[in-house]
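Work through the exercises below with the sequence and the 3D structure at hand. Each task is followed by a solution in steps.

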Amino acid sequence: MSRTQVVIEVRNLCKTYYMEGGASQDVLKHINFKIYEGEFVAIMGHSGSGKSTLMNTLGCLDRPTSGEYLLAGEAVAKRSDQELALIRGQKIGFVFQNFNLMMKRTIVDNVSMPLIYQGIGESERRSRALEMLKIVGLEGYGDRPPSQISGGMQQRVAIARALINHPKIIFADEPTGNLDSTTSDEIMKLFTELNKQGITIVLVTHEDDVADYAKRMIKISDGRVEYDGLRKGYRA
Amino acid sequence: MIYQILREAWISISAYKLRTFLTMLGIVIGVASVVLMVAAGQTVQNEITKTFDSMGTNLIILAPAETVSGGVRGGRGRPSITFKDVEALKQLKDVETASYVVNTAVQAVYGSSNYGVSVYGTNPDYLTVGNWEIETGVPFTEKDVKAGKPYILIGQTIVDELFGLQNPIGKVLRLKGQPFTVIGTLKSKGDNLMGQDQDNIIMMPATTLRQRLRGSNRPNYADIAFVKVTEEDKMESVSKRIEYLLRSRHYLKEGTDNDFSIHLMTEMVEKVRSVGFILSLLLSAIASISLVVGSIGIMNMMLVSVTERTREIGTRKALGAPNRWIMFQFLAESIIISFMGSFVGMILGVALSQIAGMVLNKQVPVSIWSVVISASVAIVVGVVSGIMPARKAMKLDPIEALRYQ
């Protein structure tokens, strides 16, 4: 592996949920791995394996119970809500299964939304949003609402939104879960394209043919890393 | 940042136009009715002030004592103040002038017209005391009073009703069949607070009235007397002097009750004003109930909105929105709604009160209060009804919110 910068490093990451009545459940048990800049990693696992919790923790939406998490060299395991929001806004891009677009707003408004929280002015937001739409192949759609375009295109809008703050890493949580197979392929090709341009992507999926777009696979089972290495079916 | 928050809030609420409009309507109606009620109250108070100003406020009114028999207080007793008493009162310190009235109501006849009129028998000082002015002609004099001359001053209503376009000066009216010469007309005063026409009046020397219209076995007694005080803050001391003088003139022994009663106009004005003030306060209080209802409407809508937009809130948070930003956005939404509502309500309330004023032919003031009320409503209602939904939005866990269906 080429000696590039480490984007994500987790050491001994644990997550325990405490339930009412004193019972507790260990969802993540001593997870260790590193993700380097420019990688395309698929996180796989059955439902209940802990992959969603891992995803939320890596995405700075949740804090680990113990262990260390370095995002671009910065320890983020014990940050406040306020600081985590800032980190998410500056360093992370999210792509969700159900797109999570605001249907009553224009596509430009959707794409540029994360920049509001960075205090960036309206005209710059717009020009950057249009630029991102060009990258995902939606030039000329900016002033329409997302409700007028297809699901595949909506997901492209979401990807443009994830890219707009030039994040260190993009987390895609089942990005093709709501799409048919043809559209899924198109979206995955877009991710591959973006990855070739040097963008680090972490993909969470349970579909094998979607995971095949990733070079590396981390398989989570019962809160532990069961496999971490080359994806066997990787289509180069 | 404030601009960005307001802009996001504005876009969000304008996405639900009908719902926003209906919610706003509650505040519009609330503010409009409060503004309307305050205007109504102020109009009443202005009318009161106007009426008292037309009478003069630094007046002391002397009336017969109330009758008391067996602990039961009755109406006014026998007249006890004589014309000479009033002349004596004029000499007191700080008294500008004093007057008295004996009155009766008769039918005034001129040619083929006749009109029911209130007749005041008095002295020349009554013009000063009652803030009357002569429009044309001359007033009667002290000499005329002594001689019991049949000279009369007539109000504008009598001029209009009996003389029309003729000049009434020098004409002879008949009251109870007796002739009276018009020597002057009085400037119009309009209606008083109770809606009575103050211009339906004939003034003549009290002696004349006693001799020709209303005989009495006590011909030198007045029904009511007025003392005009030089300054308003001398009222109390003058009333004490009046009491002392009248008691000694009436030979009242120590321990006996006054056979007259003293009323200070300033006190009466205060009483009526406070009634007017309480009235307008009450009206506004009732009207503000609709404001409370409107405010609950906003809170209700905002709570629904937060629930509906749970996923949006989750997405915004995941994409870097700080909790405080989310809270301020929702707070801004409710403040914008209440702000617009109270602005429209203020315009509506002022407009309606002016229209009502025109219809009722009354001067309705456009008060600074309507602006104060609507501005404070905009902020208080917006914040109070928005804070709970905004905090609810702020506290949403982004993970849960993103999962919300």
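**Exercise 1. Find what covers the buried residues of α5(A), and check the span of this helix.**

Step 1. The cover of the buried residues of α5(A) includes β6 (92–95), α3 (107–116), α4 (122–135), β7 (169–173) and α6 (181–196) of chain A. Covering is judged by contact, meaning C-beta atoms, placed from the backbone, within 7 Å. Helices (H or I, at least four residues) and strands (E, at least two) are DSSP runs, numbered from the N terminus.

The model is predicted: local features need pLDDT of at least 70, side-chain atom pairs count only at pLDDT 80 or more, and totals for chains, interfaces and linings use all residues. Residues are numbered from 1 along each chain as its sequence is written, while chains are lettered from A and ligands numbered from 1 in the order in which they are written.

Step 2. A residue is buried if 20 or more other C-beta atoms lie within 10 Å of its own, exposed if 12 or fewer, and partly exposed in between, with C-beta atoms placed from the backbone. In α5(A), 11 of the 13 residues are buried, so the helix is largely enclosed by the rest of the structure. Among them are Met153(A), Arg156(A), Ala160(A), Arg161(A) and Leu163(A).

Step 3. The expected span of a helix is 1.5 Å times one less than its number of residues. For the 13 residues of α5(A) (residues 151–163) this gives 18 Å, and the end C-alpha atoms are 18 Å apart, which agrees.

**Exercise 2. Describe the side of chain A that touches chain B.**

Step 1. Chain A brings 20 residues to the contact and chain B brings 19 residues. On the chain A side, α2 (81–91) and α3 each supply at least two residues. The most comes from α2(A), with six residues.

Step 2. By type, the chain A side divides into 10 nonpolar, five polar and five charged residues. Here Ala, Val, Leu, Ile, Met, Phe, Trp, Tyr, Cys and Pro count as nonpolar, Asp, Glu, Lys and Arg as charged, and the others, Gly among them, as polar.

**Exercise 3. Where do Phe99(A) and Asn100(A) lie, and are they buried or exposed?**

Step 1. Phe99(A) lies in the loop between β6 and α3 of chain A, and Asn100(A) has its place in the loop between β6 and α3 of chain A too.

Step 2. Phe99(A) has 22 C-beta neighbours inside 10 Å and counts as buried. Asn100(A) is buried, with 21 other C-beta atoms within 10 Å.

Step 3. Phi of Phe99(A) is positive, about 65°, although the residue is not a glycine. Asn100(A), a residue other than glycine, has a positive phi near 55°.

Terms used:
Two residues are in contact if their C-beta atoms, placed from the backbone, lie within 7 Å.
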